Amino acid sequence: MSHSNRLHGGLNLGQAHAETHRQAETMVFGFWIFLMSDLVLFAVILATYADASVHGLADGPGPAELFELRNPFIETLLLLASSVTFGMAALHLKYQDDRRGLVLWMLATGALGLVFVAMEGWDFYSLVVHDDAPPQRSGFLSVFFLLVGMHGLHVIAATVWMLVLLIQIGRFGLMPDVKLRILRLSIFWHMLDVVWVAIFTFVYLSGVAR
Amino acid sequence: MNDDRFPDSELPGHGRELRHYLTGAAVTLTLTLAAFGIVWLSVLPRYWTLGVVSVLAVLQIVAHFRYFLHIDLGKSHRDDLLMILFTSLIIVMMVGGTIWILFNQFARMM
């Protein structure tokens, strides 16, 4: 039965949240369209990277010399864990009328996102300072910083969005508008993890594979 | 089965959906470990490694859509699936076309 109540992608709130659930159909669909265009953006930058990382080295260092796998591996685990914690937050929103659990899971998600961004910032710093590989060194490095930096900016934006939502939960409580915003943020967050799968595979793993 | 707050017996769905997320976590973690493991151990020749990690990435993306974004083959929300498949088509065309043209140009410049 519950499957026929599914109106949109992402977690559906269902009949217990009847009003919000009905509004969610068009809202989430619209947001879904934006996300798909965002995916196309990332895919095209990745295609440019695929070319630049082979032909655009300009006698500078290439992926095999610059990248190592330890930090990207930890970053991958952080993002994966944050996807799961956001899933837990969404389940709290759907099944328990329990603001505290929801807020705690969202805080955990945001903290994992922040650690991810900090590690990425550290990676960028050591590339520029220790490896003498700033974006202006070669076409490959320009596109690398563009691609990974764009993903990092998305994570930062999502973290700010989460902070705003936490304030709204505190001030307005779980009114339908706030619930809809949490639903859209959860889809956005999971989509960033999808993009990261492509990045760690085609940038880091493919870069160092021998 | 039905009470006022949870018609259509949504309540027992909690355990099921929790299991759904946890299955997703296990599947994606396994695929991630497999991809990093293959590159770390470098047991295969380079082109085989690239092929295998690419396949693992596609599988993991499908798992993310299935378990975290709740996209499946159900009839009531085909629109989302169609939009994802259309986006995938656009991505394959644009990425494939870009790589094809740029590599071809490079070969001609040599």
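Buried area is the accessible area that two parts lose on being put together, summed over both. Keep that meaning in mind as you open this predicted model, in which chain A and chain B bury about 5,100 Å² between them, with 74% of that area on carbon and sulfur atoms.

**Stop 1: the interface.** Select chain A and look at A:Arg6, A:His55 and A:Tyr95, which lose the most area to chain B and together make up 12% of what the chain A side buries. Then widen the selection to every residue that takes part, and you will have 57 residues of chain A in contact with 56 residues of chain B.

Next, select B:Glu17 together with A:Lys94, a pair that forms a salt bridge whose closest N and O atoms are 3.0 Å apart. The count of salt bridges between chain A and chain B is 1, while 4 residue pairs are found in polar contact across the interface. If you now colour chain A by helix, you can see that H1, helix H3 (70-95) and helix H6 (176-208) each supply at least two residues of the side that touches chain B. That side of chain A divides into 34 nonpolar, 17 polar and 6 charged residues.

**Stop 2: chain B as a whole.** Of the 110 residues in chain B, 32% are buried, and among its contacts with a separation of 6 or more, 50% are between residues 24 or more positions apart.

**Stop 3: two loops.** Select B:His70, in the loop between helix H2 (46-68) and helix H3 (78-109) of chain B. Although B:His70 is not a glycine, its phi is positive, at about 55°. Is B:His70 buried or exposed? B:His70 counts as buried because its relative accessibility is 6%, and the cut-off for buried is under 20%.

Show chain A again and move to A:Asp59, in the loop between helix H1 (18-55) and helix H2 (63-66) of chain A. A:Asp59 is a residue other than glycine with a positive phi, near 60°, but A:Asp59 counts as exposed because its relative accessibility is 82%.

**Stop 4: inside a helix of chain A.** Finally, select A:Gln168, which belongs to helix H5 (residues 139-172) and counts as buried, at 17% relative accessibility. Leaving aside neighbours within four places in sequence, A:Gln168 is in contact with A:Gly173, A:Val178 and A:Arg181. Show the side chains of A:Gln168 and A:Arg181, and you will find a polar contact of 2.9 Å joining them.

Note on methods. Residues are numbered from 1 along each chain as its sequence is written. Chains are lettered from A and ligands numbered from 1 in the order in which they are written. This is a predicted model: local features need pLDDT of at least 70, side-chain atom pairs count only at pLDDT 80 or more; totals for chains, interfaces and linings use all residues. Side-chain values use heavy atoms; hydrogens and water are left out. Helices (H or I, at least four residues) and strands (E, at least two) are DSSP runs, numbered from the N terminus. Buried means under 20% relative accessible area, exposed over 50%, partly exposed in between (1.4 Å probe, protein chains only). Contact means heavy atoms within 4.5 Å. A polar contact is a pair of N or O atoms within 3.5 Å; within protein, one must be able to donate a hydrogen and the other to accept it, and residues adjacent in sequence count only if both atoms are side-chain atoms. Buried area is the accessible area (1.4 Å probe) that two parts lose on being put together, summed over both. A salt bridge is a side-chain nitrogen of Lys or Arg within 4 Å of a carboxyl oxygen of Asp or Glu. Ala, Val, Leu, Ile, Met, Phe, Trp, Tyr, Cys and Pro count as nonpolar, Asp, Glu, Lys and Arg as charged, and the others, Gly among them, as polar.
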